[in-house]
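Subject: Structure for you to look at

Dear colleague,

Here is the structure I said I would pass on. My notes on helix packing and aromatic rings follow below it.

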Amino acid sequence: MTSTGVASLACAALVLSAATPATAANVKVGDVQQALEALVKTGHVVGAIGAVYVDGKRIKTGSAGSRLLGGKGGAIPPTARYRIGSQTKAMTATAVLQLVREGKLSVDDKLSAVLPEVAEKDLVERADEITVRNLIQLTSGIPDYLGPDTSSPTRDYRPADLLAASRRNPRPVEVGTFNYSNTNYILLGMIVEKLSGRSLAAELDRRLFAPLGMRATYLPTKATEGIKGPHGHGYAPDASGTMRDADQLNATTMLGAGGVVSTLHDVSAFQRAFRQGRLLPQSLSKLITDPPPGQSPPPSGGPCAGNPEFAAGGGGSAPGFTAATITSSDGRLQFAVSLTLAMDDAERASTPSRITNALKSVFCPAT
């Protein structure tokens, strides 16, 4: 796995809002199938599935391309599971903030107090200065762990192994300054496990997946644990530039930072519940949704007049895939997409704008 194995897809290109939003009830939805076919035709997209949900009801869906490279394997079922990447972070943060709501934790608690072992074993520099809030908002300054030290496809890495790999990297910024690092969410997963007495996988299922009816969703915890059932395969180039099947990503290097496997239906159910305040009070959920200190708020202006207000973020990416769940601020409308890719990291940077174009074709009337 490359250094961007659990890379974020901040989806700046998908930050869409409109000054006068329409309600979900009167939104006109175009041809999702046609939008996905057009997306595949942009090149290096092996397969794409997508769906639009309004108030929990699927009203449009589609599947384009194929399960395997070269048009092989048939179409990807629209109900197939896929990796959601950094969309996992909102789920991990929600579990942590539920513990805050329950009085078991404070967002201003210091990391050294909550997880004293990371300070005692020198796994995190300046753990006595870093707060839970810093971890959630990615302002801890802790380096990322991804790289040669975590590149084995079959080794079962422990969270402590990932922290040790992070500790060998130089600190990129000061505490309090935004810097995207997956290590923050490995630590948040460890906090959930310590305070709940359960594995992160079990606690996400107990707090989120089971209550929300996300029956196909799970967090893999073994290195070689893949995606259950028929699904699309993504590809990434090896050192020689040859495209290799990237389906078997090492699940133990993703965990609470990007490891959840879900479906269009299930990830839309999470976003709907989150945006409608059924998981956290607004005083806590804004720690996830508001721009971190020093970061600009999302730009205003939607893809076309009269659309619902789309909230910021909602994406995840790694070698071989990109996934996004774009939701309205009131939680009533979701457009969920999963793409399997055959491209390098530089090309993968173009996928947010491609998804934005698909969004426009679905929600903007033809002109």
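Which residues in α2 meet which residues in α8? In this predicted model, M91, T92, T94, A95, Q98 and L99 are the α2 residues, and they meet L204, R207, L208 and F209 in α8. By class, this contact has 6 nonpolar, 3 polar and 1 charged residues. Helix α2 covers residues 88-101 and helix α8 residues 200-209; their axes are 10 Å apart, at an angle of about 80°. The two helices are therefore roughly perpendicular to each other, since angles of 65 to 115 degrees count as such.

On the aromatic side, the structure holds 2 aromatic pairs. F270 and F274 form a stacked one, with 6.0 Å centre to centre and 25° between the planes. Both residues belong to helix α10 (residues 264-275), where they are 4 residues apart, about one turn of the helix. F270 is buried at a relative accessible area of 1%, and F274 also counts as buried, at 7%.

The rings of F335 and F363 also have centres 6.0 Å apart, but their planes are at 85°, so this pair is edge-to-face. Because F335 lies in strand β9 (residues 333-341) and F363 in helix α13 (residues 351-363), the pair ties together parts that are 28 residues apart in sequence. F335 and F363 are both buried.

Two lysines lie over tyrosine rings. K89 is over the face of Y185, 5.8 Å from the ring centre. K228 is over the face of Y218, at 4.3 Å from the ring centre.

Regards

Conventions
Residues are numbered from 1 along each chain as its sequence is written. This is a predicted model: local features need pLDDT of at least 70, side-chain atom pairs count only at pLDDT 80 or more; totals for chains, interfaces and linings use all residues. Side-chain values use heavy atoms; hydrogens and water are left out. Axes are lines fitted to C-alpha atoms, for helices over the stretch in contact, and angles run from 0 to 180 degrees between N-to-C directions. Angles under 35 degrees count as roughly parallel, over 145 as roughly antiparallel, 65 to 115 as roughly perpendicular and the rest as oblique. Contact means heavy atoms within 4.5 Å. Ala, Val, Leu, Ile, Met, Phe, Trp, Tyr, Cys and Pro count as nonpolar, Asp, Glu, Lys and Arg as charged, and the others, Gly among them, as polar. Rings of Phe, Tyr and Trp (its six-membered ring) pair if their centres lie within 6.5 Å; planes under 30 degrees apart count as stacked, over 60 as edge-to-face and the rest as tilted. Buried means under 20% relative accessible area, exposed over 50%, partly exposed in between (1.4 Å probe, protein chains only). A charge sits over a ring if NZ of Lys or CZ of Arg is within 6 Å of the ring centre and within 35 degrees of the ring normal.
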